[in-house]
Amino acid sequence: MEETNLDELEVPEILPVLPIRGIVLFPYMLIPLLVDRERSIKAIDQALAMNRMIMVTAQKDPEIEHPTTKEIFEIGTVGVIMKLLKLPDQRLKVLIQGLVRARIEKWDETQPYLQGRLKSIVDDEDYSVNLETEALMRNVKEAVGKAANLGKNISPDVSTIADEIDHPGRLADIIAANLDLRVENAQEILVLSDPKERLLKVNGLLAREVQVLTVQQQINLQARTEMDKTQREYLLRQQLKAIQEQLGEVGELQEEVEQLRMKADEAGMPTEVRGEVEKQIRRLERMQSDTAETATVRAYLDWMITLPWSKSTADNLDLRKAKAILDQDHYGLNKVKERIIEYLAVRKLKPKTAGPILCFTGPPGVGKTSLGKSIARALGRKFVRMSLGGVHDEAEVRGHRRTYVGSMPGRIVQGIHQAGSNNPVFMLDEVDKIGTDYRGDPSSALLEVLDPEQNSTFRDNYLNTPFDLSHVLFITTANILDPVHPAFRDRLEVIYLTGYTEGEKLEIARRHIIPKQVEAHGLKSDQLVFHDDALRLIITRYTREAGLRNFERELASICRKVTRKVADGHSKTINVAPKEVHAFLGTEKIQPEELLPHNHVGISTGLAWTPTGGDILFVEALVVRGRGNLILTGQLGDVMKESAQAALSLAKAHSDLLDIREGFFENHDIHIHVPEGAIPKDGPSAGVTLATALISACANRPVRRDIAMSGEITLRGHILPVGGVKEKILAARRAKIHTVILPKLNQKDLVDVPKEIRKDMKFIFADNIQKVIRTAII
């Protein structure tokens, strides 16, 4: 572009407007701008097509991408486009020099760019400078020099130009343009038309800047002094070390201290922790090497420098690969696998998210602990397991204070140390078996560990410094949740692992248990073959469990016997069919509860949940002559006794609807018995079963033997929902009962029952006792 004399330019009344962000243009100020907004590019093009002049004004909010006229300051500076460069991505790089202040009196938004009618605000060139103004100008020029000497980024050319300016307004403009002011402060100066007022404003801002720079220099000087002190101490130590080497007096303790410092620097500790470590190292330097306290400090420092403060393993964020690993290690358990994949997906999109606190709850042997190992393998993390069964001492979790002899960190920190990374999968096993005594409550100590809002600053009593546990994926396990502290349970995301079906156990045996046991006993896969019928026989007649431990134990017993045969020289493949099972394992250990051979009066079949899965329960009711008493036997708990009493009251209230003759209860006693009297029984879900047996006995009508039932009753005859639906249905199927009566509100729980079992069975959902009686009693 051609050179132009700016003083000769006349400002037109109408000019395109260019809003800019984060900066204010002053007259005679030269600024480079990168223009990328479409309206702004068109405004530049229009200015070039006319006279290269454009109204430049600042936005009130720099975050707004497309500002309206109300979001732009009315007072700005008319500028001249000195240079322009078009970039390959269609953006423009322009160099604009300020010319004169102007006010936008009227906006024109009819064009594809902003345009305004302007009124120029021109300083009086013949402004008279009095004594006060002269003094003010000198103060400003001196302050500019001070600011430059104190480190303010002001070009020497600016100081030179300022010394030669004799107009207060122009001096204020050039100083304000080079002070890196915030937009609000710069705009306050720009809107002032009086040169003296403008210069006073600049003088105040400049004076404050000098004060800030002075304080900043003092801080830097203090920091430099401390740094010099540290360097001096280092040099003195090196000189002392050299002197000791010359004299042959270099001690092992001094070498150990240097090693500790080096390792502490490499450990990546937080500042607070590094300060505590340095404090203890200095204590160690002043100690005699053979004292007991020296050994204590040594042990503490050894723990501190070997903890993984900044070491972590990279997560495997390949969702398909993680899913394949989980499927390879475990059959079924789809809910758990889906939850882990969801966690990985969140980590993939937001790496710094806090880990969930999962709690796997279910019977023994369903794979809770092994699932934790599988999750660690899928994530690519280290795995640590801590058993909490029987733990009574709070110090097991938080550690012992260093005042005690033989003190150590708690088992949480020990587990992190053992893993060697600060983000392992940490399994807290058997949280339902934590004890409490005079030494404290470990459950309460674990509240901080398992709270994502608090565990980033977990403080172990031994370390006495915070350790960040927020990267750890904690997984807890429990058989039942009732003993778990309520506040503790509130922090857990509970995932229930119910028992396996016969088909699932068969598939798991094929995929995992048999290959594992064959290898563990030194056999080859072609030396031992199990038939499916044999495996089913072992599952149903030699074990009764929701999990797989006893099943695996029986298979191991067979493998041992086969191993002995192979060791004695047997070379042929051994096929284990049902008849061979009896030879290997002896007589059947379990006589399964099966449906009754005939329909009986007063005997109903109930379904019960146990910690080892589901089971069927026979309830017997017998009517004898008496005075209306209710006799209960079979070690029934309080809840079952109340259910029986409710069933009796219900039968009395509706005797006419239940075909019970009038006056029957005044002349008869009712005896209810639940077999296997040595086993305590309790729970509300037997209410329907008790009522059915009682009404059957009173009405002298038999109960269908091929129906099992579960549900809680009320005095109004309503049936309330119960838990453990899947386990109860599996128990009915094992007993070859294919019709089950359940509360209507439990219909939604069938989604947890395997599809093949739902197809094989019939479900009747009842919301009142009348429907149960019509269905179950003949």
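Tutor: Helix axes are lines fitted to C-alpha atoms over the stretch in contact, and angles run from 0 to 180 degrees between N-to-C directions. The model discussed here is predicted. The axes of helix 10 (residues 319-329) and helix 11 (residues 334-349) come within 10 Å, crossing at roughly 155°.

Student: Why is helix 10 called roughly antiparallel to helix 11?

Tutor: Angles over 145 degrees count as roughly antiparallel. The crossing angle is roughly 155°, and therefore helix 10 is roughly antiparallel to helix 11. Their crossing is right-handed.

Student: Which residues of helix 10 and helix 11 make the contact?

Tutor: Helix 10 contributes L319, A322, K323, L326 and D327, while helix 11 contributes K337, I340, I341, L344 and A345. Seven of the residues in this contact are nonpolar, none is polar and three are charged.

Student: What makes helix 18 oblique to helix 19?

Tutor: The axes of helix 18 (residues 532-542) and helix 19 (residues 549-567) come within 10 Å and cross at roughly 125°. That angle makes helix 18 oblique to helix 19, because the roughly perpendicular range is 65 to 115 degrees and roughly antiparallel begins over 145. The crossing of helix 18 and helix 19 is right-handed.

Student: Which residues in helix 18 and helix 19 meet?

Tutor: L535, I538, I539 and Y542 in helix 18 meet F551, E554, L555 and I558 in helix 19. This contact of helix 18 with helix 19 holds seven nonpolar residues, no polar ones and one charged residue.

Student: Turning to charged pairs, how do you know that K42 forms a salt bridge with E38?

Tutor: The closest N and O atoms of K42 and E38 are 3.4 Å apart. A salt bridge requires such atoms within 4 Å, so the pair qualifies. K42 and E38 both lie in helix 1 (residues 38-50), four residues apart, about one turn of the helix.

Student: Is E38 buried or exposed?

Tutor: E38 has 55% relative accessibility and therefore counts as exposed, the cut-off being over 50%. K42, at 32%, is partly exposed, because this class lies between the 20% and 50% limits.

Student: What makes K196 and E132 a pair that links distant parts of the chain?

Tutor: The side chains of K196 and E132 meet in a salt bridge, 3.1 Å from N to O. K196 is in helix 6 (residues 195-247) and E132 is in helix 2 (residues 131-149), 64 residues apart, and the pair thus links distant parts of the chain. K196 counts as buried at 19% relative accessibility, since the limit is under 20%.

Student: How many salt bridges does a search of the whole structure find?

Tutor: The search finds 39 salt bridges. Among them is that of E278 with R261, whose closest N and O atoms are 2.9 Å apart. This pair also links distant parts of the chain: E278 lies in helix 8 (residues 271-285) and R261 in helix 7 (residues 252-266), 17 residues apart.

Student: Why are E278 and R261 called buried?

Tutor: E278 has a relative accessibility of 15% and R261 has one of 12%. Both values are under 20%, so both residues count as buried. R261 and E278 also belong to a network of salt bridges with D265, R274, R282 and E285.

Student: Why is helix 5 described as largely enclosed by the rest of the structure?

Tutor: Six of the eight residues of helix 5 (residues 183-190) are buried, which is why the description applies. The buried residues are V183, N185, A186, Q187, I189 and L190.

Conventions
Residues are numbered from 1 along each chain as its sequence is written. This is a predicted model: local features need pLDDT of at least 70, side-chain atom pairs count only at pLDDT 80 or more; totals for chains, interfaces and linings use all residues. Side-chain values use heavy atoms; hydrogens and water are left out. Helices (H or I, at least four residues) and strands (E, at least two) are DSSP runs, numbered from the N terminus. Buried means under 20% relative accessible area, exposed over 50%, partly exposed in between (1.4 Å probe, protein chains only). Angles under 35 degrees count as roughly parallel, over 145 as roughly antiparallel, 65 to 115 as roughly perpendicular and the rest as oblique. A crossing is left-handed if the near helix is turned anticlockwise from the far one by less than a right angle, and right-handed if clockwise. Contact means heavy atoms within 4.5 Å. Ala, Val, Leu, Ile, Met, Phe, Trp, Tyr, Cys and Pro count as nonpolar, Asp, Glu, Lys and Arg as charged, and the others, Gly among them, as polar.
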